[in-house]
Each structure stands twice: as structure tokens, then as C-alpha cells.
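Hi everyone, thanks for coming. Today I'd like to walk you through a few helices, one step at a time. Please have a look at the model first.

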Amino acid sequence: MAATVISGKEISKVFRERLKQSIDLIKSEKVDDPNAIFPGLAVIQVGADPASSIYVNNKKKSCEEVGIVSFSYTLEDTATEAELIELIETLNKDPRVHGILCQLPLPKHMDEFSVINAIDPKKDVDGFHPVNKGLLSIGRDCLVSCTPLGCLMMLKEMNIDISGKNCVIIGRSNIVGKPLAALMLAENATVTIAHSKTKDLKALCRTADILIAAIGRSGFVTEDFVKPGAVVIDVGINRDPDNKVRGDVKYDEVFEVAGAITPVPGGVGPMTIAMLLQNTYKSYLSLTQS
Ligand code: NDP
């Protein structure tokens, strides 16, 4: 039996539309206030990596669509870490800015951890700051990394039961696997994180009611990884030799076994951007209402 397709493209539209309505309402309420501040996102890019430029432009365009003001900063790839941190500190103090995003990867001479640490945790819309990571791990309200949050929101929008389910996540990165495990645990799933040293990965994956692939290897998850009827979330974004974007899951064959599946493209990717916008709005509310 073929799987239900979980369309991140369609679900993210619903999120963006809701957000636009909320922001439109704020704008209409403040129409006579010349000093009014509206949600704002600062996007910093260091260097001119073409892939990063595409991501940054998509983020800026998405901001405009929902009414979030975007501020762009581009530093030369020869800029020093101190210069970047100085910019972040200026943005930390800027009342028009509620979210600060520093596009990764950074040039090799910069220490990612120090740079992320410089961002005010309240403006850390990527959810990468250790304060937000810590709050997530103890189940407190915080800014959650956009990709894991997008995966969870897709499951919720599809009314997929998580509580008590076996969830296997392949990948233990700080930006996807680990925060996703914390989110799924908070939803009462029984969570297993697998990685490159996991023994008998296929058998483990076949125990999953919800299987999430965040590996970075095109078509790695084949039908023999999947329990019939399982929900399969494909986080991977890989560019194949034919220049096509493909996920970590061999879509065509897994589609025949799974109960539900996310496509690539059009799955987790659009949800990630929608969550960035949502996090910026959340920061705006907490910074302007406190
Ligand atoms: P990382 O490279 O940081 O992590 C990959 C993980 O996969 C590691 O934990 C690694 O294990 C594990 N892994 C690699 N090979 C195997 C294997 N043979 N068997 C089992 N586990 C393996 O990647 P990210 O988490 O940053 O990203 C994962 C994928 O998701 C990438 O394709 C990336 O492009 C995509 N992505 C998509 C986003 C979106 O918006 N849709 C956002 C972010 C990422 P180990 O730790 O042992 O090395």
C-alpha cells in the first residue's frame, strides 16, 4: 500500500499564512504609532558562498512574504571573528532586531561556538545557543532549532500520534539529531539515536514507528530499513551527480512500504524556513512584551 505524502510545502504554507495574519493584525493595531516596532530578523552572511547566498536570499524573501522586516549584513570572508562578534553585539542591542541568524558554515578561521555564544539567547532564532540547547534538554520553553521543530510540527499537523511510539533518529548532530531527540522525548516517544557506529542499523530502524533520517547520504535508507506502515521523515538534502536534490531516503521504494513519508524537496526544507519565521515572531513577542 502506498504511503500518505506529508507535504512540508503545503503545511509550511499554513504556518506562514497564520503568521502573516498575526503580523498584519499587529500592524493594523499600530498603524497610528510612528515609533512602532514590528518583527525583525537580522541575517548575517560571511563570505559569498553561492549555496549560502541562496539560503540567505530565500530567508529574506520568506520574511517579506509574512511581513517580517529583514536586515542584511554581508562581511568579507577575510573579516575577523572579533568584527563579526562586534556586529552581533550591536544587533543584540538593536530594538528593531528580534532574531539574529548567522549563516553557517563560517570561514575556517572563525570559531562557530564563540560566534553563536555571542548571540543574545533571546534573539537566537536558530536555537543554536547553549542556553537554548540547555533549556530544551530540561524541557523548558526556549527557541528550538528550526529543522527539528519543523519535523515535529509536520507530525502534529498530520495528527500523527507520537506518545508511546518507537522513534529512531539516524544522525546525532547538534543541529538536527540531538534536538529532535529531545523534542520527541518531550512528546513521550521512546527515542533511539543511531549514528555511524550503530550496530545492525537496519534491524534497529525496522523497530521504528517513526523513522527520521538526518544523515547527509543520498538514498541511504532503503525499503529494508522500514517497518510496514511506519512514518518516515527525510531531513537529508543531498545534491546528486545529476545536480538533483535528493533526500537520505530512497523515496520511490520506501513510499511503497511506509505509512507516511516526507518528500525531498518539498518536505522538511520548507518547514525549516517557516519555523525560522515563527521563532522570529516568538522572539518579537517575548522581547516586546517583557
Ligand atoms: P552531520 O554531518 O552533522 O551529521 C550526520 C549524522 O549522520 C552523524 O551523526 C553521522 O554519524 C550520521 N551518519 C553518517 N553516516 C552514517 C551511516 N553510514 N550510518 C549511520 N549514521 C551515519 O549532518 P546534519 O545533521 O547537519 O545534516 C544531516 C542532513 O540533513 C544533511 O543532508 C543536511 O544537508 C540535511 N539538513 C537539512 C535541513 C533542512 O532544512 N531540511 C537542515 C539541516 C540539515 P556520526 O556522528 O557517527 O559521524
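Predicted model: local features only at pLDDT ≥ 70, side-chain atom pairs only at ≥ 80, totals over all residues.

Residues are numbered from 1 along each chain as its sequence is written, and side-chain values use heavy atoms, leaving out hydrogens and water.

Let's start with helix H3, residues 81–93. Helices here are DSSP runs of H or I with at least four residues, strands are E runs of at least two, and both are numbered from the N terminus. Which residues of H3 are buried? They are Leu84, Ile85, Leu87, Ile88, Leu91 and Asn92; buried means under 20% relative accessible area, exposed over 50%, and partly exposed in between, with a 1.4 Å probe and protein chains only. Ala82, Glu86 and Lys93, on the other side of H3, are exposed. The buried residues of H3 pack against strands S2 (40–46), S3 (69–75) and S4 (99–102), and against helix H4 (112–118).

Next, Ser52 sits in helix H2, residues 50–66. Ser52 is buried, at a relative accessible area of 6%. Leaving aside residues up to four places away in sequence, Ser52 touches Gln45, Gln103, Leu104 and Pro105, where contact means heavy atoms within 4.5 Å.

Finally, the axes of H6 (residues 146–157) and H7 (residues 177–186) come within 8 Å and cross at roughly 35 degrees. Axes are lines fitted to C-alpha atoms, for helices over the stretch in contact, and angles run from 0 to 180 degrees between N-to-C directions.

Terms used. Expected span 1.5 Å × (residues − 1).
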